[in-house]
Amino acid sequence: MNLGIEGRVAVVTGASAGIGFAVANEFVENGASVVIAARDKKRLDDAERALGARPGAKVVSVAADVSSPDAASVITTRALEAFGALDILVNNAGRAHAGGLMTSSEDDWDEMTGVKLTSMRRMCKTAIPHMQKAGWGRIVNMSSIGGIYPNPKLFVSHVLSAAINNLTKSLALEVAKDGILVNAIGIGAVATDNWANNMVPAVRRARPAFASLSDDEVIARISAELTPVGRAGEPKEIAAIAAFLSSARNGFVTGDTIEASGGADRFM
Ligand SMILES: NC(=O)c1ccc[n+]([C@@H]2O[C@H](COP(=O)([O-])OP(=O)(O)OC[C@H]3O[C@@H](n4cnc5c(N)ncnc54)[C@H](OP(=O)(O)O)[C@@H]3O)[C@@H](O)[C@H]2O)c1
């Protein structure tokens, strides 16, 4: 499908790995200019090189922690300086936090809120005036299926996902008149570093029988158990949805959270 975004300028946060990298790759393949952001400079440079290897690719990177107050303006300024516009924003940076209300600390709550929710609000607020000026824009916010079907073992992540879904709907209604469409993706289990770093240790604690299994085996077992399609999703499967929602081919979907979970209603 030709997405009709050739020459558009896209910002993808958390694009040095996993789902964000796959989204940036979709944009590059469709001729968009892409700004990728993440914290770890080396991984970001590697991602920029990999994405930029395609003939004609236009990719720049900016090392930033999206939870810092100036990140939104730093990232937006990079897009404007490099490419003169900001048409598409994918708020993807983040991670999961395993734990219930009683086992999550004040720091967990503050850190996760900063990375997932406050950053999203700031990024949208900073990007939207540029989209309004162009009379066209697309925003995709990465949420989780837990925003609709909360799993108490992922309390903080799933409360924030519900807030992301609400932010998405509210903002979509506010900016629909400006040609800007805003959607979220309710992601289920997708095998990335996020799983290995943040979920697998909690699964091993809860399931001593899994202690001797490799990370990949733990992810495969849990995904098969919880996901009706019998496996974890792949980053490119989420990226395909984000690419459509961000494209000129999407003209009528806004304010929605599209569930992409292989039929599952939880992922741990
Ligand atoms: N994978 C799943 O099963 C799943 C399920 C539901 C929702 N999600 C959501 O989907 C998004 C992508 O997840 P993923 O699985 O692809 O994760 P991932 O493979 O761990 O990649 C996360 C990306 O975000 C960046 N990042 C993390 N914290 C950041 C921060 N504070 N500022 C800037 N960049 C930051 C990381 O780079 P640095 O660490 O170098 O900054 C990396 O590029 C996340 O928001 C996650 O919550 C994923």
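How many residues line the largest pocket, and which of them lie nearest its centre? The lining counts 38 residues, with Asn92, Ala93, Gly94, Arg95 and Asn194 nearest the centre. The model is a predicted one, so to speak with limits attached: local features need pLDDT of at least 70, side-chain atom pairs count only at pLDDT 80 or more, and totals for chains, interfaces and linings use all residues. Residues are numbered from 1 along each chain as its sequence is written, and side-chain values use heavy atoms, with hydrogens and water left out.

Pockets here come from a 1 Å grid over the protein atoms alone: a pocket is an open set of points with protein on both sides within 12 Å along at least five of seven lines, a cavity is a set where a 1.4 Å probe fits but cannot get out, and lining residues have an atom within 4 Å of a point. A volume is the space filled by probe spheres set on the points, which are joined across faces, edges and corners. On that basis the largest pocket has a volume of about 850 Å³. Its lining splits into 15 nonpolar, 15 polar and eight charged residues, where Ala, Val, Leu, Ile, Met, Phe, Trp, Tyr, Cys and Pro count as nonpolar, Asp, Glu, Lys and Arg as charged, and the others, Gly among them, as polar. Helix 6 gives the largest share of this lining, six residues; helix 1, strand 2 (33–38), helix 4, strand 5, helix 5 (155–175) and helix 6 each supply at least two. Helices (H or I, at least four residues) and strands (E, at least two) are DSSP runs, numbered from the N terminus.

What takes up this space? The ligand does: the space it takes is the largest pocket, by the rule that more than half of a molecule's atoms lie within 2 Å of the grid points. Around the ligand there are 30 residues, and Ser16, Arg39, Asn92, Lys116 and Thr192 come nearest; a residue counts as near if one of its heavy atoms lies within 4 Å. This shell holds 13 nonpolar, ten polar and seven charged residues. Helix 6 (193–206) is one of the elements supplying at least two shell residues, along with helix 1 (18–29), helix 4 (106–134) and strand 5 (137–144), and helix 6 has the largest share, three residues.

A polar backbone atom of Asn92 is 2.8 Å from a ligand oxygen, a backbone N or O atom of Gly14 lies 3.3 Å from one, and Trp195 puts a polar side-chain atom 3.0 Å from one. The protein covers 94% of the 880 Å² of accessible area that the ligand has on its own (Shrake-Rupley method, 1.4 Å probe; for residues, only the protein chains shown count as cover).

The second largest pocket holds about 160 Å³ of space. Helix 4 gives the most to its lining, five residues, and the residues divide into five nonpolar, one polar and three charged. Among them are Arg121, Lys125 and Glu174.

Terms used
Polar contact = N/O pair within 3.5 Å; in protein donor to acceptor, adjacent residues only side chain to side chain.
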